[in-house]
Amino acid sequence: MPKYSIADLIVNMDCESDMLLSRGRAYEVSGDTKVDINLVLEEKRIKYYLDKYPQMNKNEWEYMLYGSAFYNELTAHNGMLLHASAVVVDDRAYLFSAPCGTGKSTHTSLWLKLFGKKAYILNDDKPAIRVIDGVPYVFGTPFSGKHDISRNARVKLGGICFISQAPENSISVMDSQDVIVAVMEQTVRNLSLENMDKMLSVLDEVLSTIKVYALKCNMELDAARLSYETMSGEKFNG
């Protein structure tokens, strides 16, 4: 059974999905390494989703379900999922989250245009967040969305931003109650009560170190400049 290093955890996944096996190659590890997370999907569970939602094939469902299982287990390792596009500039990862189709990937692509080779996408769909020794980090994972944009890397978290479309650009700090609501809409939906409690504890640690913003934006470079300068506290010098 292949082993993978995901979010600095050794993960066993007994999968057959070509999609996951392909995306997981950059995360494979060899040797007699202690396993932190062991993931096994029952065939009947995959069949249940195939029967209920036949518009997706077995390959896709196995990929999706392993992703959900991993992020459930991640809560036991001081980690959590945020459905987001994570862009890195100057060794800080900035996460932009929103419902599908809102434009989070479009926004991070503006950062790539603004910064050129100084910026890259760490994960375009499901980055992992873990707090390690009191510091929140963002990780690329093989669960990387339809465009499969991801790197197997760990980067300190610089900020989180929830975006919505608007004709004019504006950004503001969110209060903690609004953050919890926004995160709950963009994380794993089937967490047990125990894992939900663990995830909220991780979120508390994250919020003690970084601010979370609400960005109303158009799809122009000024939106990326505004979000960068506000979240990083630095002036853009392009």
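This is a short tour of a predicted model, stop by stop, with something to select at each one.

Residues are numbered from 1 along each chain as its sequence is written, and side-chain values use heavy atoms, with hydrogens and water left out. In this predicted model, local features need pLDDT of at least 70 and side-chain atom pairs count only at pLDDT 80 or more, while totals for chains, interfaces and linings use all residues.

**Stop 1: the sheet**

Start with the strands. Four of them form an open sheet with mixed pairing, in the order S3-S1-S2-S4. Strands here are DSSP E runs of at least two residues and helices are H or I runs of at least four, numbered from the N terminus; two strands pair if DSSP finds at least two bridges between them. Select 28-29 for strand S3 and 37-39 for strand S4: these stand at the edges, each with a single partner strand, so one side of each has no neighbour in the sheet.

S2 and S4 run parallel and are joined by three bridges.

**Stop 2**

Show helix H3, residues 58-74. H3 lies across strand S1 (3-6), S2 and S4, and runs at about 150° to S4. Angles run from 0 to 180 degrees between N-to-C directions, and axes are lines fitted to C-alpha atoms, for helices over the stretch in contact.

Next, select helix H2, residues 43-52, whose axis comes within 10 Å of that of H3, crossing at roughly 115°. Which residues make the contact? From H2 come Glu43, Arg45, Ile46, Tyr49 and Leu50, and from H3 come Lys58, Trp61, Glu62 and Leu65; contact means heavy atoms within 4.5 Å. By class, this contact has five nonpolar, no polar and four charged residues (nonpolar: Ala, Val, Leu, Ile, Met, Phe, Trp, Tyr, Cys and Pro; charged: Asp, Glu, Lys and Arg; polar: the others, Gly among them).

**Stop 3**

Move to helix H4, residues 104-115, and pick tryptophan 111 and phenylalanine 115, which lie four residues apart, about one turn of the helix. Their ring centres are 5.9 Å apart and their planes at 40°, so the pair is tilted (rings of Phe, Tyr and Trp, using its six-membered ring, pair with centres within 6.5 Å; planes under 30 degrees apart are stacked, over 60 edge-to-face and the rest tilted).

Bring in helix H7, residues 221-232: the axes of H4 and H7 come within 8 Å and cross at roughly 90°. Trp111 and Phe115 are among the H4 residues in this contact, and Tyr228 is one of those from H7.

**Stop 4: H5 and H6**

Finish with helix H5 (residues 176-185) and helix H6 (residues 193-207), which pack at about 130° with axes 12 Å apart. Val179, Ile180, Val183 and Met184 of H5 meet Met196, Met199, Leu200, Leu203 and Leu207 of H6. By class, the contact has nine nonpolar, no polar and no charged residues.
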